[in-house]
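Please read it alongside the sequence and the model displayed here.

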Amino acid sequence: MSTRRFMVWVNPGLTRMLSLKRWSVVKVFSVVLTICLTWATVLVLTGSESIQRFRIRLLPSSDLVPSPLNHKDLISSRGIMNTLPSDDELVQHLRNQNGALDPYLSDKLGVSHVVGGSSPLLEVPDFTAEVPSDLPTPYRKVLILVEDTSSPLVLTLGQFFGQQRIDYKTLATKDELPRLTAVEDNSPKYSLFVFDDFVSYLKMPTSKKRVLDEYCSYYRVGILALSMSARTSEIELFSDLKLKIQHRMKLQHYKLEPSSPIWRVGKPAAVFQEQLPSQEWSVFTASHPTYRPLAYSTVAADWDGTKQDVNVTKFGCVVAIHDIGMRDQIQKIIIGYDITFWLNSIVGMDAITFLSNGNLGLTLDRYVQVDVDDMFVGKTGIRTLVKDADVSVVHMTYFCDSGCIFYPEIADKFIWFDHMYKHEQPHLLNATLLRQSMASNMEFAQEKKIPVMRDYMVTPHHSGVYPVVDALFDAWVEERGVVCTSTEEYPRYVPHWERRGFIYKGVMVVPRQTCRLFTHINTFEEYQGGKEELDISIRGGYLFKVFLYTPIMIFMTHMSNYANDQLAQYSFEHVTEFVAQYTNLRMQTPPPVEIAKKYFSMYPDEVLPIWTNPCDYKKHMEIWPADKSCDHFPSFVIVGPQKTGTTALHTFLEAHPSLKSSKKDPQYFEEVQFFNNKNYAYGIDWYMKHFDDAEKGVMQFEKSANYFDNEFTPQRMFALLPNAKIVIILAEPARRAYSWYQHLRSHEDPVVMNYTFFEVVSSTENSPRQLRDTRNRCLKPGEYATHLARWLKFYPRNQIFLVDGDQLNKDPIMTMNKLQKFIAVAPYIDYYKMLRFDKEKGFYCLVEQGCLSPNKGRKYVPMDGESQRLLKNYYAPHNAQLRTLLTELGRPHPRWLASST
Ligand SMILES: Nc1ncnc2c1ncn2[C@@H]1O[C@H](COP(=O)(O)OS(=O)(=O)O)[C@@H](OP(=O)(O)O)[C@H]1O
């Protein structure tokens, strides 16, 4: 297989390929082709071989465009002047930057990267001298300040950061600035500030602006702003800033300034020679050396706006500008139009990395795999044929179940993966049939001497992968040794940039991207919007953006995309060419298992899935086994905390004729304990087994007292049970802590048996580790405000019911009556008839069933005075926070809280 070199030329509309044999195209562009045919076969052009084949010779820019923009010509004579580097210097400069930021930046959390600021190519004043060396690195978060929270820009900025998986918060500029440092330790909370309108930054009230500016200059955090709308006039002059912005311009051509230190993704050598979208561009003219141009354009020939500015029309204009902060020590980058325009997206990506000192951004590596599904299946006349292949590379013949075509000559030319013999969806089969289908497929491969790769498999229609079908994963692991797969369905199909990966039963599930070449799309005409739309997608549109923002990409294509108009070859060839032309992204094509490993080393937090509820999503319901039911979920959950009377509440609710608790678990008694511990990894089938089939008019519920203070539970529970009501009991925290200690003593816990209560609660950092751990387990659940705030991050306040623990002890009838209304259960039962105070027990008991077991409501000596004093102090700030939070929520304060100070 020879390395193919080819040349491209660009005309304003379209990149065309010359003399390129068809099948080799995909390989040439470094795309791993994995052709999967269950019926069928698989082809993977993988690893170093395909990388070797991926050599594009780009013509110099002067050859690419008939009359290239000369960047020297483009520089305004009004002070925005730089010494331009030679090409060699530029290459060296880019290499330096890439080295500094590689690999994936989020792996470097806590490590500060200086990007470009130390570049020898630009005399950027060295601010570091004034910054204390022990300056903390800000959180990897962005604060976006917008003029109008309902503006479409909010959405586009959110997508821009979301697609790069950068955490962000959006606020209206007119709102109060949030605290910029963390309450606990004063750590800086933001790595970057973004304004949707540069002028709204300038016009911030002085005191507010001062706070922001001081933060920025102290922590070396920069500001990224857009400027695209004129307020009153087409020209805004900021004489004190020595800056002029001209709005509403129509432009053509785009070129990056090579000497800027910000470029990582952007490739300054490339020139875009086409009309830019919209007439809403803003351009900058400046007369102070603090301003450096970042990107240039020229005025469109048919622009009919104000022609006052000679610099704009004669020399080209600056559409993105960098204020290096000579005056205020704040680096700012302003882009003269929306960030969705692909060249601005590139500028924006590099800007956020630069302005955050390398704290935000993506690796330059892009790992690409293209699977081909059902290679030889389809209507006669549209199938891929031998003539569609580069015959020196690919030969085809028959393989699979009856009716599909396979060419034996290609058997040793590809890496094959199989799926189901008859393309069945695993969720429709029982475990036996599922294994039989896989075995038949494998037998066929063996019979035909097809060397099938065992690491990677996919299923028809994503079935069984997510929502997971245990039988599929079991069969994959036990029968086939599968270690990775891919899907578009976790956690859901849209938005595509929020797709994630997870590992289940040892199988790495990597998110798959959509290239929009579906099974039925065989010709340009059949592509939505035709060839024109496909070209837009490739040249800066949807498909290009996927490459720009997604370090690890797996695409699924289909047989028919390779025959007919060869849409797959066309798309991947051209998009990789476009990416290579305008970016420094490094495309690679390792085999599937390497891609999967790379994914989870990049995103280690994603190992455990966050289970979502298939019943909330039609697409998931379609691939969920028929024997699963949405009834097997609770309507409400008592989440704790421990030792606040959760068992009493649970028992009293169970006595209601229309309420049914989860089934008793031999390990956890009346609790399920799914969301807070290792049970979560068993998946939702395990959880659902704890609930019965629905009975008309009966509501199911569960109680697990450890949920309340568990860090992960609110997010996980909300993902699975977004409509559930949450019941929380707030009992006096010192009493709760003491009850917990007594509970452990009754179970002869070795640590508490050796220490008094006071010794436990007064232990310090210097105490033995076990003692400290016990102290934390004893005291932390009582820090109610912290935990409650976490629940409120996910659940709307009106889904949360707070029980006063004192009232539950002393007047449970009142509690039960209120709770029934909250969960809206029918019929309403008057607990006055069901509960009686039992003098001997000292607690309320059910009239019919009797009292709770002797384990609940134990008799023990009262808490010693020293511990009482210590706990009063310990909980004082937490109780104060709880008071504030409850007031904010408009909730009554429990009696014990009102009386504590
Ligand atoms: N009716 C009734 N009967 C018995 N006990 C009652 C009742 N109402 C509230 N309580 C209080 O509940 C405390 C036990 O709390 P939990 O059930 O949440 O404990 S656990 O977390 O499930 O172990 C238990 O704590 P101890 O008194 O320390 O045993 C009781 O104070």
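C845 has a relative accessibility of 4% and therefore counts as buried, where buried stands for under 20% relative accessible area, exposed for over 50% and partly exposed for the range in between, computed with a 1.4 Å probe and the protein chains only. C851 is partly exposed, because its relative accessibility is 33%. These two cysteines, C845 and C851, form a disulfide in which the sulfur atoms are 2.0 Å apart, a disulfide being a pair of cysteine sulfur atoms within 2.5 Å. The link of C845 and C851 is right-handed, with 90° about the S-S bond.

The model is predicted, so that local features are reported only at pLDDT of at least 70 and side-chain atom pairs only at pLDDT 80 or more, whereas totals for chains, interfaces and linings use all residues. Residues are numbered from 1 along each chain as its sequence is written, and side-chain values rest on heavy atoms, with hydrogens and water left out.

Across the whole structure the search finds two disulfides. The one between C615 and C630 has an S to S distance of 2.1 Å, and because the torsion about its S-S bond is about -105°, this disulfide is left-handed. The pair links distant parts of the chain, 15 residues apart, with C615 in the loop between α17 (592-602) and α18 (618-622) and C630 in the loop between α18 and β22 (636-640); helices (H or I, at least four residues) and strands (E, at least two) are DSSP runs numbered from the N terminus. C615 is partly exposed at 24% relative accessibility, and C630 is likewise partly exposed, with a relative accessible area of 34%. Two further cysteines are buried: C216 has a relative accessible area of 0%, and C484 has one of 1%.

| Residue | Relative accessibility | Class |
|---|---|---|
| C615 | 24% | partly exposed |
| C630 | 34% | partly exposed |
| C845 | 4% | buried |
| C851 | 33% | partly exposed |
| C216 | 0% | buried |
| C484 | 1% | buried |

Of the 22 residues around the ligand, T646, T647, S739, N809 and Y860 come nearest, a residue being near a molecule if one of its heavy atoms lies within 4 Å of it. The residues of this shell divide into seven nonpolar, 10 polar and five charged, where Ala, Val, Leu, Ile, Met, Phe, Trp, Tyr, Cys and Pro count as nonpolar, Asp, Glu, Lys and Arg as charged, and the others, Gly among them, as polar. At least two shell residues each are supplied by α19 (646-654), α22 (733-746) and β28 (843-846), and the largest share, four residues, comes from α19.

A polar side-chain atom of Y860 lies 2.4 Å from a ligand oxygen, an N or O atom in the side chain of T646 is 2.6 Å from a ligand oxygen, and a polar backbone atom of R858 is 3.1 Å from a ligand oxygen.

According to the domain assignment, the protein has domain 1 (141-303 + 310-356), domain 2 (365-602) and domain 3 (629-899), bounds that come from an automatic or database assignment. The centres of domain 1 and domain 3, taken over C-alpha atoms, are separated by 50 Å. D365 is found in strand β16 (residues 365-373) and is buried, with a relative accessible area of 8%, while its side chain makes a polar contact of 2.8 Å with the side chain of R586.

Some backbone features remain. Most residues other than glycine have a negative phi, and most peptide bonds are trans. A cis peptide bond joins Y490 and P491, with omega about -10°, and the bond from V494 to P495 is also cis, with omega near -10°. P491 lies in the loop between β17 (484-487) and β18 (502-504), as P495 does. K242, in the loop between β8 (235-238) and β9 (243-249), has a positive phi near 55°, and R248, in strand β9, also has a positive phi near 55°.

Methods. A polar contact is a pair of N or O atoms within 3.5 Å; within protein, one must be able to donate a hydrogen and the other to accept it, and residues adjacent in sequence count only if both atoms are side-chain atoms.
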